[in-house]
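Biologist: Hi! Could you walk me through a few spots in this one?
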Amino acid sequence: MNQLSDIEIAQQNKMELIDEIANKLNISSEDYEPYGHYKAKLNYVNLIDEHKIKDHKLILVTSINPTKAGEGKTTVSIGLADGLNQLNKNAVLALREPSLGPVMGLKGGATGGGYAQVVPMEDINLHFTGDFHALTSANNTLAALIDNHIQQGNSLNIDPRKILLRRVLDINDRALRNVVVGLGGSTSGVPREDHFDITVASELMAILCLSTSLEDLKNRINRMVIAKTYDNQLITVSDLHVGGAITTLLKDAIKPNLVQTLEHTPTIIHGGPFANIAHGCNSVLATKLALSLGDYAVTEAGFGADLGAEKFLDIKVPQLHKSPDATVIVATVKALKLHGTDDSNELNQLNSGLDNLGKHINSMQQYGLKVLVAINKFTDDSQEEIEAIKQYCQQYNVKAVVTDEWSQGGRGSIDLANALLELLADPVNEFKPLYKNDEDSIKDKINLIVRKIYGGKNVMFSKQALKQLKDIEKNGWDKLPVCMAKTPFSLSDDPNLIGCPHDFTIHVSKLEAKLGAGFIVVHTGKVLTMPGLPKHPAALDIDINNEGLISGLS
């Protein structure tokens with residue numbers, strides 16, 4: 001019998017109406033706006049309860065350094081939430097929204113897989129409720145207003161060569177990384193070089209995900225540095241007097257979205273900054289809602305613990321005012337073999353790759369967090385390989401549990417859910433931030449991340465980065481956290497340096513102050529803010545018939 005594809009499984013599932021999902025959370029009709037039968041926007045103002053946030057349990061799901069296909073972190077998160085609810089626990093899931101870049105590119109969608117999915121899968125993976133389109137429009141409206149200001153007299157004395165805001169699209173389009181705009185004569189603007197990023201790499205995306213209200217959103221937008229003058233003075237959105245207009249375009253996008261899993265677990269999906277470029281977490285509002293509406297909030301952070309989890313803990317937690325009560329690290333036999341160096345046989349290759357998992361366990365424990373390892377099982381994994389992972393984790397006093405939600409849904413995560421509940425039964429939870437924003441310099445923060453989270457030894461700054469570092473300190477921005485832009489495939493900034501390397505050097509090429517988001521982006525290695533499509537993009541396999549039935553989406 002042929003195995004059903006993810007989309008076929010999702011299409012065969014009978015969803016509950018969004019009213020029924022809202023009723024499970026005791027949400028009144030005044031506090032949500034249906035977007036069709038199976039999606040809704042949530043009125044976060046009335047639903048967030050800070051007292052419940054403090055008392056309820058937050059579970060952060062992260063992973064080891066992944067393969068290019070990913071290790072099923074979202075699938076495990078979905079299965080874990082379903083498994084908790086099968087144990088009669090009130091669990092709510094909080095996830096990021098998929099970007100059309102990977103949906104149409106290499107990785108595919110981000111709604112889980114097999115029998116652990118969020119639905120309606122097609123809607124979520126495509127246009128959903130229009131949040132990313134709103135962000136794209138808001139960003140590009142701001143770009144148009146900057147160019148128009150220059151065209152209409154330039155009273156702010158903006159230097160067209162020093163416009164920092166980039167235009168964006170929510171697709172992978174390498175041809176737009178570097179462009180020239182303003183061609184066509186004096187009525188078509190001032191000719192200048194411009195650039196496109198993918199929408200999820202924009203500062204507006206990070207701002208949306210870290211904002212706690214419309215007022216906070218507007219204040220952050222007004223603080224965005226968008227250009228410099230001819231004498232190098234900073235120009236912000238506030239100087240352009242368009243913060244209100246840009247915020248207005250995001251009035252609905254700031255509201256988190258309510259959907260469900262295949263097993264009807266309430267799921268809040270909102271925001272989606274990439275973790276290799278931005279901070280890689282769903283919105284603060286989405287996580288606060290999950291904590292307010294459920295006794296257990298299951299959430300995830302992008303890529304491995306060296307990227308998404310580190311940023312969750314150092315950037316998002318201070319805004320959330322709540323640290324995780326437990327962390328689940330997802331590992332697969334396949335990824336551990338990829339990180340292995342001894343290929344004499346498959347077990348030796350696995351064993352030689354286990355230190356990558358060990359480093360991520362150690363990193364999370366440095367924050368004082370309780371750690372659980374989820375072995376995401378694939379059909380060709382041997383029992384000997386699984387036992388090797390379990391035994392390895394014992395040296396860190398960490399339990400490793402096999403989970404198989406892909407083929408069994410929540411039932412396949414019961415063991416993981418029970419192990420989590422056992423871990424949470426210990427009330428001791430002493431979260432320790434990696435660095436102190438008010439005391440540590442930007443260099444100190446970067447060095448702490450490199451040494452303690454990556455396992456590196458040195459940081460080398462380019463001449464440009466050193467100059468930018470002086471500017472950051474001069475302007476008093478050194479009290480902000482740092483957001484590392486780094487390859488997800490290695491602990492280092494070299495994607496080919498797999499496993500658990502030691503004593504390597506991280507190369508910082510440039511630093512960018514994102515004052516609206518409230519962090520300093522640290523660029524390392526070669527990280528593209530506008531990805532390209534692969535030779536065989538996922539778009540080649542997607543189709544739709546005359547009845548509107550979609551196929552090939554994953």
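Biologist: Is Thr 247 buried or exposed?
Modeller: Thr 247 is buried, with a relative accessible area of 6%; buried means under 20%, exposed over 50% and partly exposed in between, using a 1.4 Å probe and protein chains only. Keep in mind that this is a predicted model, where local features need pLDDT of at least 70, side-chain atom pairs need 80 or more, and totals for chains, interfaces and linings use all residues. Residues are numbered from 1 along each chain as its sequence is written, and side-chain values use heavy atoms, leaving out hydrogens and water.

Biologist: Which residues does Thr 247 touch?
Modeller: Leaving aside residues up to four places away in sequence, Thr 247 touches Leu 214, Leu 217, Lys 218 and Ile 221. Contact here means heavy atoms within 4.5 Å.

Biologist: And what lies 2.7 Å from a polar atom of its side chain?
Modeller: That is the backbone oxygen of Gly 243.

Biologist: New topic! Where is Cys 393?
Modeller: Cys 393 sits in helix 17 (residues 383-394); helices are DSSP runs of H or I with at least four residues, strands are E runs of at least two, and both are numbered from the N terminus. Cys 393 counts as buried, at 0% relative accessibility.

Biologist: What does Cys 393 touch?
Modeller: Not counting residues up to four places away in sequence, Cys 393 touches Leu 357, Ile 361, Val 373, Val 398 and Ala 400.

Biologist: How far apart are Cys 393 and Ile 361?
Modeller: They are 32 residues apart in sequence, and 8.5 Å apart in space from C-alpha to C-alpha.

Methods
A polar contact is a pair of N or O atoms within 3.5 Å; within protein, one must be able to donate a hydrogen and the other to accept it, and residues adjacent in sequence count only if both atoms are side-chain atoms.
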